[in-house]
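Visitor: I should like to go through this model with you. May we have it on the screen?
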Amino acid sequence: MKIVIAPDSYKDALSARDAAAAIAAGIERELPDAILHQCPMGDGGEGTLDALLAATSAERRTASVQDALGREATAAWGWHEASRTAFVELAEASGLQQLKRDERTALDSTTFGVGQLIVAALDAGAESLVLTLGGSATNDAGAGMLAALGGRLLDSRGNPLPPGGAALAELATLDLDGLDPRLASLTVQTAVDVDNPLLGPRGASAVFGPQKGATEADVERLDQALSHFADHAARILGEDFRELPGAGAAGGMGFAARAFLGATLRPGIELVMDQVDFDTLLADADWVITGEGQLDGQSLSGKTPIGIARRAERFGVPTIVLAGRLGDQWQASFDHGITAAFALADGPITLDEALARCGELLADRARTLARLWRVGSQG
Ligand SMILES: Nc1ncnc2c1ncn2[C@@H]1O[C@H](COP(=O)(O)OP(=O)(O)OP(=O)(O)O)[C@@H](O)[C@H]1O
Ligand SMILES: O=C(O)[C@H](O)CO
């Protein structure tokens, strides 16, 4: 029997890599001869770099960057010498999980550090870049990244704008002449964790601003500031990308990647599956086991378990989900290729206990699945 074990991370509980190891340990107890492929996944957000590094032979490198608040930090990125490809995860430099809850600020946080990672990739000689977006602390539509790459964003007195999305309301001049010339020959593929547009009720500020500390008034202010930035960009570029699905990913970084780096935008899980050659793993698999913290109706908009199930269905491989919990409308996942889904808890336990025991519970559920398989294959 061959099982592909391809979970996402379980937010606040386990990394995708540790989750895959826990599932594998549970199965091995019952099916010691099974062939198990551990393939940690990511949808663009935090942990996606690890998933890409685990599956490719890319080397892990680090660079000194500014974090989302402009403080000095170290961020990892990946380098694949043979293909001269760099892997950059936005959340490594500008991630929400790196900030304490009371440090979150959607108004002033910056993606400058992402630009610094791209400079590190260019310095290494990158010809292609995989940029993964999600899990950001930022809402600056990529303005910080643009500045780190040599773009100039000036107010009406010719002064550089301070960091952050709110300051974009004061933008008077957007000057791209100083952009790093090496960008012209860099091919950029972007993995986005959501398909939201840049602006409006489904936009970056309205939907994801509040989790970064934005109040209702901040959301309004940010939406207007980003709209003003998009107007300038459209004037200079002769093309408007604000409506593009995924433009609103990572506080509008999807927009900047398309507009200023000429990137293609793809659902993160699709891009990651392709990078790790998932189809080859599926070709002779009997089962795929995947999972995330919560499976719910939202998961249908391109999150890991659904992306995997849709792909596995093409190969006639059943997909089983082990989720921390099954949220509203999780049953809709059955219409999207998921064969069965199980929650992890073994009783009425608190969230804190569920998070602390996530690895143990995952191994237990996986073990039960393996026992079912044994009975089924005997019949
Ligand atoms: N083992 C667990 N048991 C119960 N809940 C969990 C468990 N692991 C994670 N969660 C919770 O599930 C929620 C969603 O986690 P998930 O890993 O699906 O993150 P996500 O994909 O980034 O979700 P979202 O986009 O909804 O923030 C989080 O609030 C997390 O605390
Ligand atoms: O970073 C964010 O804003 C969310 O993960 C959506 O991309």
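Predicted model: local features only at pLDDT ≥ 70, side-chain atom pairs only at ≥ 80, totals over all residues.
Visitor: What span should helix α4 have, and what do its end C-alpha atoms give?
Guide: Helix α4 covers residues 112-124, and its 13 residues at 1.5 Å a residue should span 18 Å; the end C-alpha atoms are 19 Å apart, which agrees. The expected span is 1.5 Å times one less than the number of residues. Helices (H or I, at least four residues) and strands (E, at least two) are DSSP runs, numbered from the N terminus.

Visitor: What happens just after α4?
Guide: G125 takes a positive phi of about 100 degrees there.

Visitor: And α11, why is that helix described as largely enclosed?
Guide: Helix α11 (residues 304-314) has 8 of its 11 residues buried, so it is largely enclosed by the rest of the structure. Those buried residues are T304, P305, I306, G307, I308, A309, R311 and A312.

Visitor: What do they pack against?
Guide: The buried residues of α11 pack against helices α9 (268-275) and α10 (278-283), and against strands β11 (287-290), β12 (294-295), β13 (319-323) and β15 (338-343). Contact here means heavy atoms within 4.5 Å. Just after α11, G316 takes a positive phi of about 70 degrees.

Visitor: Changing topic: is F260 buried or exposed?
Guide: F260 counts as buried because its relative accessibility is 9%. This residue lies in helix α8 (residues 253-261).

Visitor: What does F260 touch?
Guide: Leaving aside residues up to four places away in sequence, F260 touches L146, L174, L176, L179, F229, A233, L237 and F255.

Visitor: Now the ligands. Which residues are around ligand 2?
Guide: The residues around ligand 2 are G134, G135, S136, D193, V194, F208, K212, A249, A250 and G251, where a residue qualifies if one of its heavy atoms lies within 4 Å.

Visitor: Which polar atoms approach its oxygen atoms?
Guide: A polar side-chain atom of D193 lies 2.5 Å from an oxygen atom of ligand 2. From the backbone, an N or O atom of G135 lies 2.8 Å from an oxygen atom of the ligand, and a polar atom of A250 is 2.9 Å from one. The protein covers 96% of the 230 Å² of accessible area that ligand 2 has on its own, with areas taken from the Shrake-Rupley method and a 1.4 Å probe.

Visitor: How many residues surround ligand 1?
Guide: Ligand 1 is surrounded by 16 residues, the closest being K11, D12, G293, Q294 and K303. Helix α12 (residues 351-356) supplies the largest share of that shell, 3 residues.

Visitor: Where are polar atoms placed around ligand 1?
Guide: A polar side-chain atom of D12 lies 3.1 Å from an oxygen atom of ligand 1, and one of E292 lies 3.5 Å from an oxygen atom of the ligand. The protein covers 76% of the 630 Å² of accessible area that ligand 1 has on its own.

Technical notes: Residues numbered from 1 in each chain as written. Chains lettered and ligands numbered in written order. Heavy atoms only, no water. Polar contact = N/O pair within 3.5 Å; in protein donor to acceptor, adjacent residues only side chain to side chain. Buried < 20%, exposed > 50% of the residue type's maximum accessible area, 1.4 Å probe, protein only.
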